[in-house]
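Here's a quick tour for anyone meeting this protein model for the first time. Have a look at the sequence and the structure, then read on.

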Amino acid sequence: MLLLLTAGFLFGLLLGSFVPYIPLSIVIILLTTAGLLTYFEQRGTLSRRHGLVVYGSIVAGLFYWSFDASLTAHGPFAHMVSKNPVALEGTICEPVRHGPNRAVVVLCVPEPKHAGETDEPHGRVRLTWREPDQSLLQGEPISVTARIRSPSGMVNPGGFDYEAYLERQGIDAVASVSGAGRIAKQPFMTDDRRWMVWRTIDEW
């Protein structure tokens, strides 16, 4: 029974993570799951009690994820999560982290200069570029178009809280792009000596 509860709850967490992107598909999966459980109950393979417990754990996992996501949907990018890709311009404000066929940068997007642009995105974005075609340096201004996502991870009770980890690093949102030409470098036109020094160090 404990195994069924755990499996159902984990499946519900998985479904909950996709609700903002494919809500209709999630409803279809839930209905299909209910139909399969009913079928096994009628065949005598599964008792009605066990079927209700499994389905209840799935729904509980789904609502647990959705409730947790609603509590953490905050910050300057919250209104842009799960929407269309947005254009971002900012400065790479931390050393670039390199991995196999990818580069991870922290992009600092400045606050709007005009009062009427309060809906414009601003803050710190953890941007992953898969299969990059050029190197990036700290202090470089760049522009990119990507879909914004809230910092999140698996919310297994007692597990590693990746969202809290990113928040402690001051990350407001995450995004990713793939392929050549997805990130464009902008002219380096700042007088901030800090960025000039860090850029020189990265070049070395």
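## Salt bridges, a disulfide and a helix pair

E140 is buried, with a relative accessible area of 5% (buried means under 20%, exposed over 50%, and partly exposed in between, using a 1.4 Å probe and protein chains only). A quick word on what you're looking at: this is a predicted model, where local features need pLDDT of at least 70, side-chain atom pairs count only at pLDDT 80 or more, and totals for chains, interfaces and linings use all residues. Residues are numbered from 1 along each chain as its sequence is written, and side-chain values use heavy atoms, leaving out hydrogens and water.

Back to E140, which pairs with K185 in a salt bridge (a side-chain nitrogen of Lys or Arg within 4 Å of a carboxyl oxygen of Asp or Glu). K185 is partly exposed, at 35%. Strand β7 (residues 183-185) holds K185, while E140 lies in the loop between β4 and β5 (141-146), so the pair ties together parts 45 residues apart in sequence. Helices (H or I, at least four residues) and strands (E, at least two) are DSSP runs, numbered from the N terminus.

How many salt bridges does a search of the whole structure find? There are 3, listed here:

| Pair | N to O distance |
|---|---|
| K185 and E140 | 3.5 Å |
| R97 and E94 | 3.5 Å |
| R124 and E94 | 2.5 Å |

R124 sits in strand β4 (residues 123-130) and E94 in the loop between β1 (86-92) and β2 (97-99), so this pair links parts that are 30 residues apart in sequence. R124 is partly exposed at 21%, and R97 is partly exposed too, at 42%.

Next, the cysteines. The whole structure has 1 disulfide (a pair of cysteine sulfur atoms within 2.5 Å). Its partners are C93 and C108, with sulfur atoms 2.0 Å apart. The torsion about their S-S bond is about 80°, so the disulfide is right-handed. C93 is buried at 11%, whereas C108 is partly exposed at 23%.

Finally, the helices. The axes of α1 (residues 2-18) and α2 (residues 23-43) come within 9 Å and cross at roughly 155°. Axes are lines fitted to C-alpha atoms, for helices over the stretch in contact, with angles from 0 to 180 degrees between N-to-C directions. That makes α1 roughly antiparallel to α2 (angles over 145 degrees count as roughly antiparallel, under 35 as roughly parallel, 65 to 115 as roughly perpendicular and the rest as oblique). F11, L15 and F18 in α1 meet P23, I26, I29, L30 and T33 in α2, where contact means heavy atoms within 4.5 Å.
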